[in-house]
Every structure is written in C-alpha cells, then in structure tokens.
Amino acid sequence: MTSLIDLDNVGKFYGNIIALKGVTTHVNAGEVTCVLGDNGAGKSTFIKILAGVHQRDEGDIELEGRPVNFESPREALDNGIATVYQDLAMVPLMSVWRNFFLGSEPTKGVWPFRRVDIDKAKAIAKDEMGKMGIDIRDTDQSVGTLSGGERQSVAIARAVYFGAKVLILDEPTSALGVKQSGVVLKYIIAARDRGLGVIFITHNPHHAYPVGDRFMILNRGHSMGNFAKDDLPRDELIRMMAGGAELEALAHELESTER
Amino acid sequence: MSEIAAATGDQPVGGGAGKPIGVEGVDERLAYRGVFQRLLIRPEIGAIIGAAAIWLFFWAVTGGFGTAGGILPTMAVAANLGIMAVVVSMLMIGGEFDLSSGAATGTLGIVTILLVKDVGELGGAGLSLYIAIPLSLVVALAIGWTNGVVVERTGLPSFIVTLAMFFVLRGFKLGFSKKIIDNISVGRVDEGHGYDFFVKIFGSSWARNDHTWDARDPVYMVLVLAGAALLALALYEFNFRRRSPFNPTGMFAFLGGLAGVVAGIAILHTTDGVGANALAALVITGSAIVAFLGLAVWRYERQSAGSVEITGTSLYLVVGGLVAIGLGIGAAWALDVDSQQTVLDLVGFARWPVVIVSGVVGFRMSYQRLATHMAVSHEARVQGIVAVGWLTLLSAFGAYAFMFMATEQGLRAMLFATGVIGGLITLAMAAHRLGRALPAARSVVLFLIAVSIAVIAFFMRSQSGTPKFRAEAFTVLLALALLILCWGIVSAVFVQRRHGDAAADRLASRVAIVGGAAVIAGVLVRLLFTTQDEIDAGIPPAQFRVEFLWFIAVTLVATYVLGKTRFGSWIFAVGGNKQAARQIGVPAARTKTQLFMIVSAGAWLVGLLLAFRLNTIQSGTGNGLEFEYIIAAVVGGTALTGGYGSVFGAAIGAFIMAMSTQGIPAARWNSDWRFAFLGMILLGAVIANNFIRKQAEASR
C-alpha cells in the first residue's frame, strides 16, 4: 500500500542556518503520525513545508505516489492538505458558521444576485460538527466567545468537511487545560476514524502517546527516527523526547543543587 | 481509546428530553431573547437612539425642524455625506482607512468637467458626457486601485499611503485647473453634450410646492396606521406563545377594533368642540384596546391568573417614580414660567437654610468617604480634614451659586424635565425588574406608566404656548400612553414566549419589514406632497433632491453585500483577522484593493452629484471631509480597529452629522459651535458603542 504522504530526506535552510535536515517519514490514511520535538526542534518549519508556506531546499515529497511541490497554502489546500494552525486561523468577531465556511461559502442565485446560502451553511456547519461529536449550541455565536478547545474543534471539523486527506495539527493542545486537551484528542481520533491521515505536532508525549500510531522525534532540526507505537514504550518516548541523556544529566544536576 | 474516553467524561451531551413542542431548528439550551434584547446588541443601535434624541432636541428648540422645510434640506446634506460614510465604513470594517476619499470627491467632479470642456490654451478634451462620465469612473477606480495596491505591496499603514494620495489629489486639482482653464473653480458642466440626459440622473429634484395632493393626509394617515398595526402584530408575534389552532373570534375583534380606531380618528378630524373630541378619544381608546386584545385572543395562548404583588425594591421604585413625576409637575405648576427673577430672590431668607443644609450634606458625604482613609496616619488625617473642609465649603457655595445664577424660569424647566424623565425611567426600571416572573404585577406598573404619560401630556398641553407642544407632542404622548396601556393589559393575560420559535420569528420579521415600509411610505407621502390649504397658508418652498435616492440605493446595496455575499464575509474577515483570513484561502489583498476601489467609486458618484447640482466645482471641494466620513462611520458603530460595524449605522451617523449642521443655525446659535457639538457627539458615540459592543460580546 502506498502511503498518503512520503517525505524523503527533506531539508530546509535559512541562509546558513540549517532549520531541518534529513527528515524522512510517511503518513498513512487512517493513522495518526505524531511529530514531537522541543522548542526550536524544527516542528514549525516541518509544518510550513507541508502546508506550502515555505518550500523545501532538498529532498522529495510524494503525495499518493506522485512528487509534489506546493507553491502556496492554497495549492496545498487544493491537494487535500489542511493545516490547523496554533493561532487557529479564525476571526474572533465572526460567527461560527461564517468562520466554518470562510473562503469557501456556499452560494445560490445567479450573479449579480449570487448570495451566501445562509440557511444551508448554518445547517451544514451544525451537522458536520455534530458528526465529529462536537456540540455547538448556536452557530450564530461569535468564535471569540468559544473556549480554546471548542475553537480547535471548529477548525478540525472545517478541515475535515472541506475534503482534507491529510490534517496537520500544530500544537493543538499546548494552550489548553487537561480536560480541554482530552476533548481535542477525541476529535483527532474522530478524524482518524473517518480515514484521514493526521499529523499531530506536539511537545507533550503524554498527549501524543494515546492517539499516535507512529512517532517521529525531531531534535535540533534532525530526525531522531521513526517508530511505530509497538516498538516504542511510553517511557522510552518520553526519554527520547526530552533529549534522553540530557534530561538525566539535568536531573542529576538539580538534585545536587538541592542539597 | 479508553484513556481518551476517561479524559472527556464530562463532555456536554446534546439532545436530551424536554424539547418544547413546535420548535424547529433551535437548540433547547438557548434561552429565548426578546426582540428588544436582540436589537440592543446591534452595532447601529447607539446611533439610532442618538439620532432620535438629537432630532427631538432640535425639534424642541427650533422653529422648522419638524416640518418638511426643515427635513428635506437635512436629507440633502445627509445624502452626499452618507454615500461616502457608507463606502468608508465598508473599508473600515475591512480594516483600512482612506484619507484621500474627501479630496477624491472634488477631484472626480473636476475631472468630469475638464473632460467635457473645450476651452483654454491647452483645452480640455471636449468630450461628450456619455464618454466623460464612464471615463471619470475609470479614473476613480484607478485611484482606488493605486491606493489598494500600494498599501498591499508595501505593507505601509493605509493612513500614510492615502494621506499621500490626498496631497497628490489636492495638488492635481489645483494644478490642472489652473493649467487648463486658468481658474481654481471649474465650471459649466451644463455646456457638455448629453447634459439634458445626465442631469435627470444626477441632478434632478422635486419641488414640493409644485405637487399638491388634497388626499395626502388621509393617505398618510392610513399608511401610518396600517404600518403601526403591522408593527404591533410583529411585536406580539415576537413575544407571545402561539396557540393552536387559532381562534377566529379574536380576528374579527381585531379587525373591528382597527375599524373603530379609524372611525375615531375620522370623528376627531371632521368635528369640533370638547364633546366631540372626548367622544373621539373614547372611541379610539376603546377600539385600540379591543383590537389589541382581539389580536391576542386570535393568536396567542392564555395564561392562568398571575400574582399582582409588588414588593421590595420594585415597590420603592414605583413609589419613587410616581413621586418624582408628581414633584416635576408640581414644580412646573408652582413656579412662574415667565419670571426672570433669580432663585435667590425667589426663596428670600430661606436661602440660608438651603446653603447650610447643602454644606452639611457635603460634609456628611465626603466625611463618610474619607473616614477610614483618615485613620491610617497623621498625614492622611490632615489631608482628609482639609479635603472634607473644602468639599463642605464647595457644596455650600455651589448651592448659593446655583441660586444666584438660575432664573425661576430655568429652575422650572430643569425640575420638570428631571422629575418627569427620571420618574418615567424609574417606573420602567420597576417594570423591568418585575419582568416575566410576575407579568400581572408588571402590567400594573405599565398601567401606571401609561397614566403618568397621559397626565404629562395633558399638563404640557395646558401649559405650553406653542402649537408644536400643544398639538404634536400631545398627540404623540397620548398615542404612546395608549400603546403602553394595551401592551400592559395583553401581557398580563397571555403567555410570553420563553423559547425560540423560528417560524414565528420569520413571520414577525417579515411583518415588521412591511409595517416599517408602510410607515416610511406614509412619512414620504407627507414630505413629498403638499395640499392646497398649506399653499394658501404660505408655506416656504422645499425640495427633495435625487441625491437622497442615490444614498438609499447605496446603503441598501452595501447592506446586502456585507450581510449576504461572500465578498461581505471576506470584508469582515480581512478586517477582523487578516492573517487568519489569508491562511484559510480568502484573497485578502484582492478584497482590500476592491474595497479601496469601492470607496473611490463612491467618491466618483458624489463628485458627479456635486457637479450636476452646483454646475461649478471649486478646487478645494471635499478637502478635509474625509474625517467627517470617518466620524459618521464611527458614530454609526463601526470599529476603528476593523472587523465590526454596519453600513446602516454609518448612514444614520451621516444623518446625525447633517442634523447638527442644519440644526445649529436653525436654533439661531452661531454655526461655529457645530464643531464643538460634533466633537461631543463623536466622543459620546464611541463610548456608547464600546459599551454596547462589550455587552454584545458578553451576551453572545
């Protein structure tokens, strides 16, 4: 079976700074691939290359077996790669349904009387979010009044509805509390069960481990390897994620200063 | 998977039992918000209330503000300002400013005329208007396109870019005018080929005095009454729970009552004398109550008898409100309306007790505030004692100064206005407090409000010398009292809705739109036509100008575009969060550039309207007006930060500005004060709108 996305030895340089080098991984449909890394590990660069914001400087990306090169976010989106950014790409003062359809509003009528089909948009927005298990009271509510988890859920439902094959989630749980993070993880599972390939970027192994099928760990722009869930016990993941030996050294150092 | 289920154990579960019957498409967790609550969170509500208040104010203090001769010129002033305010507010919702918009209006008028002219050393192009007008539109769009592209490409604030454009246009206007026709006023668009055709579109007007229609008043009356009845129906439909099936008896009572009201008004207008007037009043009141009750019987569900107990704070509010109204009326009764005597002379020796009491009150209030503070340290004690001393002296002296400066006449007006308005507001607060929990008790309070208003109406009529208050205010106040009375009776007997009802809301909004349109049509009939009687009485001529139709058209189109089209959604999105909008696939740069082009197309329209009205355009025309457009938009509820606002509000804002332009000279004040007035309106409006917006965000 060919995977949805194959990355082979992808790298990115900003001038003489190596932001990303030698990243090789793949994403299968119906699987969650977690990309873990500390701050500055190259996670953002990795997302931006996939989302078409930046272009890679070396390596190959294949989408369903054919090589691709996204010039713009729009192009990536048209190829079924939807990204839910950390800042969510939402307009706080606009209602949920307008945000849901922003940029792709359903219309009716002929120009110059072409107008947004408001009833249809509201119904679809409520329905689609219901399918994901998201329960919004009123789609006329402005997004600014939703909680962080609810906003994430709207963004995920939107990406799923607009035919995303691959869903990239950039640190969706980093600003959330424990319960809200749990809600978002549930939506990740829901998206996976609907056959999407999910790329879940996080620095929290406790969030990644329960939902992930495969893990890629980035450290200082380099990939520390790909692991299937079965090959990687949770403690090992946590250890690798925190920089392994570095953490042990740090723990030792902290212990010694306490005395 | 089990870990996730545990983490999300208390996720709210939708659906569930207890969904009220007959409610489709509404989530049962949403509390039903009445029509007033929904209106109160609209961005333009502050502007509408402000416009009404300012209109009332000028109506009261000027001679002609309520007549067609006063309103039609205000509409003409509002039109040019309003067209630009509407397009500028669209741009502001999109998150940008255009400081060149004012200068552009003059520029495009001048461009059109210069294209037509065939004189001077270099000569104009000597084109026909059929070519010159589309060509100047192209120039306009090019100006807007340049603004937009420069803003987008350079990433500079639009403030700077359009300020530069403002100076460029200003220079071009002067430079080209002087170079081509050697004059700073560019004139005579009427020499152009095709003038006769285009003047109908951009320059025609309707002289009211040339259009007599003797059936005007009955038509006006019928339209306004029918509109009011429809608005009442809509209000009821928004608020009461529908019964099923409907009861047709009520419908006949409603229609009968309506006929009775019309008959009563006919009696009033065709007869004279106290007895006939009393009979008419009786017929109108009785029929109105029958009509409203009939309407409710026909469509809504009865409720079981409620409690009429009024206790606690509400009771104090009711008593306090009635006492305040009584004191206001009593003061107006007791004091002499023509007296220029100061209050000091009026109270005689009693001035000293007043001064002493004010001093004591000042001492008590400041001491209570500062007592705890004074216990802190020695220094604080000294400072506190000094402060208390000052405030005591200040209140005593303030009371004396007030008595010295206020005349008896002024005191009377002040006491009457504060007593009556404060009392009515207090009563309304009591009614609001009793709310839906105690509908019967609230109805008692509404009944008291209706009676108070009626008493005030009769009192004002007996006291006032001018026909404005004797007839107009009297009629309006009595009608208001009648409506409140009917509302009170009906809401005591019928069940008010607590849940959304999409079908009822839809019907109600449609009925409300038709009713509103009927009322507006009635008012227009009265504004556009005159009667032979009025001509014989020698009313001054007034004109309705085509600018106003353009203004209405632009406002309607802009409202439609913002609310219903994709482009409208994108405007809000690029103004609210441009980065997000772009990430999600909204063509942000294109949207903003198109907005700049819309603004300059608006400037082109206004430029043409000016050219065809004035025939000559000065090179300074429009300079500096861009701030008035922005003020009108802000007064109308558009956020300076973008992403929030309404073009309808901007249109109302333009009306507010036009009323102050026209009203200040009409009130015989020096028109220099206009800017002080505008400044205060701007500040007040921004504060009010900010407050409303916070409420809106909290209640959504």
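Which residue takes a positive phi in the hairpin of S1(A) and S2(A)? In this predicted model, the residue is Gly15(A), with a phi near 60°. The hairpin has two residues between its strands. Strand S1 of chain A covers residues 5-14 and strand S2 of chain A covers residues 17-27; the two run antiparallel and are joined by seven bridges. One of the residues paired in this way is Tyr14(A), whose bridge partner in S2(A) is Ile17(A).

Helix H1 of chain A, formed by residues 43-51, is mostly covered, with nine of its nine residues buried. The buried residues are Lys43(A), Ser44(A), Thr45(A), Phe46(A), Ile47(A), Lys48(A), Ile49(A), Leu50(A) and Ala51(A). After H1(A) comes Gly52(A), which has a positive phi near 85°.

Confidence in chain A has a mean pLDDT of 82, and 94% of the residues of the chain reach 70 or more. Within chain A, the lowest confidence is found in helix H9 (residues 245-258), where the mean is 68. The highest is found in helix H3 (residues 96-101), at 90.

Chain B contains 27 helices and four strands. The C-alpha trace of chain B spans about 85 × 75 × 75 Å along its principal axes. Chain B has 700 residues, of which 39% count as buried. Among contacts in chain B with a separation of 6 or more, 82% are between residues 24 or more positions apart.

Two helices of chain B, H4 (residues 68-93) and H24 (residues 588-614), pack with their axes 9 Å apart and at an angle of about 175°. Angles over 145 degrees count as roughly antiparallel, and H4(B) and H24(B) are therefore roughly antiparallel to each other. On the side of H4(B), the residues that meet H24(B) are Asn80(B), Ile83(B), Met84(B), Val87(B), Val88(B), Met90(B) and Leu91(B). Their counterparts in H24(B) include Leu595(B), Phe596(B), Val599(B), Gly602(B), Ala603(B) and Leu609(B).

Helix H26 of chain B (residues 647-666) has 20 residues. From its first C-alpha to its last, H26(B) reaches 28 Å, close to the 28 Å expected at 1.5 Å a residue. Of the 20 residues of H26(B), 18 are buried, so this helix is largely enclosed by the rest of the structure. H26(B) is followed by Arg668(B), which has a positive phi near 65°.

A buried position also occurs in a loop of chain B. Ile310(B) lies between helix H11 (274-299) and helix H12 (312-334). Ile310(B) counts as buried because 21 other C-beta atoms lie within 10 Å, and the cut-off is 20 or more. Leaving aside residues up to four places away in sequence, Ile310(B) touches Leu315(B), Val318(B), Leu434(B), Ala441(B) and Val444(B). Ile310(B) and Val444(B) are 134 residues apart in sequence, yet their C-alpha atoms are 9.0 Å apart in space.

The mean pLDDT of chain B is 85, and 93% of its residues reach 70 or more. Over residues 1-25 of chain B, pLDDT stays under 50. For this stretch the model has 26 contacts beyond four places in sequence. The model as a whole scores ipTM 0.78 and pTM 0.81.

Methods
Residues are numbered from 1 along each chain as its sequence is written. Chains are lettered from A and ligands numbered from 1 in the order in which they are written. This is a predicted model: local features need pLDDT of at least 70, side-chain atom pairs count only at pLDDT 80 or more; totals for chains, interfaces and linings use all residues. A residue is buried if 20 or more other C-beta atoms lie within 10 Å of its own, exposed if 12 or fewer, and partly exposed in between; C-beta atoms are placed from the backbone. pLDDT is the predictor's confidence in each residue, from 0 to 100. Two residues are in contact if their C-beta atoms, placed from the backbone, lie within 7 Å. The expected span of a helix is 1.5 Å times one less than its number of residues. Two strands pair if DSSP finds at least two bridges between them. Axes are lines fitted to C-alpha atoms, for helices over the stretch in contact, and angles run from 0 to 180 degrees between N-to-C directions. Angles under 35 degrees count as roughly parallel, over 145 as roughly antiparallel, 65 to 115 as roughly perpendicular and the rest as oblique.
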